[in-house]
Amino acid sequence: MALTDLPLEDLRGYRGEVAEPADFDAFWARSLELTRRHELSVQLREAPGPALPALQVHDVRFAGWDGHPIAAWLVRPRALPGPLPVVVEFLGYSRGRGLPVDHTRWAAAGYAHLLVDTRGQGTDTPDPEAPATGGQWVRGFMTKGVQDPSTYYYRRAYADCARAVEVAHALPALGVEVDPSRVVVAGGSQGGAFTLAAAGMSGSGLTAPVAAALVDVPFLCHVRRGVDTASDGPYPEVVDYLRRHSPEAVEQTFTTMSYVDGANFAARAQVPALFSVALMDPVCPPSTVFAAFNRYGERAAERPRAEIAVWEFADHAGGGAHQVQRQLRFLDEVLAR
């Protein structure tokens with residue numbers, strides 16, 4: 001495996017050529033307006049299963065894109081007085097929310113933790129497919145509905161993420177002692193792309209605000225380069241799709257994917273962020289991560305604090321527990337804990 005796709009000294013300033021549609025902001029404003037036509041309809045239910053005496057766990061359901069029900073876990077410490085800061089976490093590709101016992105780290109650190117399922121990728125949140133989202137795609141989700149931005153799978157998934165931030169803000173009205181002024185979005189890989197989308201849409205005033213973003217080895221950034229250079233993970237799905245279709249499909253595919261490119265959302269973000277990148281990552285090549293990082297907050301009135309942890313000998317797993325320690329210290333500073 002090559003150490004990196006570019007030397008680190010070149011990566012530090014790398015931006016690349018990232019396509020941005022002229023109607024990018026209008027497209028997402030329309031998407032979220034359509035989503036908000038449905039009530040958020042948050043439901044909390046004490047989660048069944050083995051007792052976790054130090055934690056309070058709720059099964060959460062809310063209305064995402066087109067009113068589709070989205071599942072989440074809300075895990076928080078019982079003993080700490082509120083209101084607590086909230087970490088809204090998004091998941092990597094093909095991962096479901098699993099079991100609450102898998103997700104105790106943030107509660108142990110004194111946060112309320114809203115872990116959001118991904119439509120179609122787990123067992124608890126289906127992705128109902130409207131007739132308009134038909135067409136051919138290959139395995140996975142990368143090319144599902146890619147024939148048009150309005151039917152693309154990730155339009156629905158990103159809208160769900162914006163709604164999840166609204167859920168965090170709605171919790172106090174449901175009797176959950178959390179602090180809406182300290183909502184953090186977090187995720188790795190696909191979850192990192194979701195995190196950038198949530199932060200970027202918040203920064204553009206399109207949804208409820210967030211206070212910070214934790215962006216680990218993010219996927220779906222500088223998408224064209226990712227498709228051209230990634231040797232593993234979901235990007236090869238796009239290669240497989242384009243191999244089966246006419247040359248005319250290439251332009252439309254990358255036009256559609258430019259609407260979900262994390263580098264475009266990163267430019268619109270206005271809150272502090274901690275990134276991570278792994279220089280031996282075959283799934284999210286480091287140049288694609290730096291393309292987003294080097295754009296982060298550049299359209300804000302005052303560019304926000306942004307840092308990146310470089311894991312020189314890590315693959316797509318990134319910095320692991322060492323990165324978590326950095327995240328905790330980072331949040332202690334930016335949230336004034």
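Predicted model: local features only at pLDDT ≥ 70, side-chain atom pairs only at ≥ 80, totals over all residues.

Reply: Residues are numbered from 1 along each chain as its sequence is written, and side-chain values use heavy atoms, with hydrogens and water left out.

Me: How many salt bridges are there?
Reply: A salt bridge needs a side-chain nitrogen of Lys or Arg within 4 Å of a carboxyl oxygen of Asp or Glu. By this rule the count is 22.

Me: Which residue forms a salt bridge with Arg78, and where is that residue?
Reply: Helices (H or I, at least four residues) and strands (E, at least two) are DSSP runs, numbered from the N terminus. Arg78 pairs with Glu46, with the closest N and O atoms 3.9 Å apart. The two are 32 residues apart: Arg78 sits in the loop between strand E3 (69-77) and strand E4 (84-90), and Glu46 in strand E1 (residues 43-46).

Me: Is Arg78 buried, exposed or partly exposed?
Reply: Buried means under 20% relative accessible area, exposed over 50%, and partly exposed in between (1.4 Å probe, protein chains only). The relative accessible area of Arg78 is 48%, so this residue is partly exposed.

Me: Are Asp127 and Lys144 buried or exposed?
Reply: Their side chains meet in a salt bridge (3.2 Å, N to O). Both residues lie in the loop between strand E5 (112-116) and helix H4 (153-170), so the pair ties together parts that are 17 residues apart in sequence. Asp127 and Lys144 are both buried.

Me: Which residues are linked with Asp127 and Lys144 in a network?
Reply: The links in this network are salt bridges. Besides Asp127 and Lys144, the network holds Arg119, Arg156 and Asp160.

Me: How are H7 and H8 oriented to each other?
Reply: Axes are lines fitted to C-alpha atoms, for helices over the stretch in contact, and angles run from 0 to 180 degrees between N-to-C directions. The axes of helix H7 (residues 235-244) and helix H8 (residues 248-258) come within 10 Å and cross at roughly 150°. Angles under 35 degrees count as roughly parallel, over 145 as roughly antiparallel, 65 to 115 as roughly perpendicular and the rest as oblique. H7 and H8 are therefore roughly antiparallel.

Me: Which residues of H7 meet H8?
Reply: Contact means heavy atoms within 4.5 Å. On the H8 side are Ala249, Val250, Thr253, Phe254 and Met257. They meet H7 at Val238, Tyr241 and Leu242.
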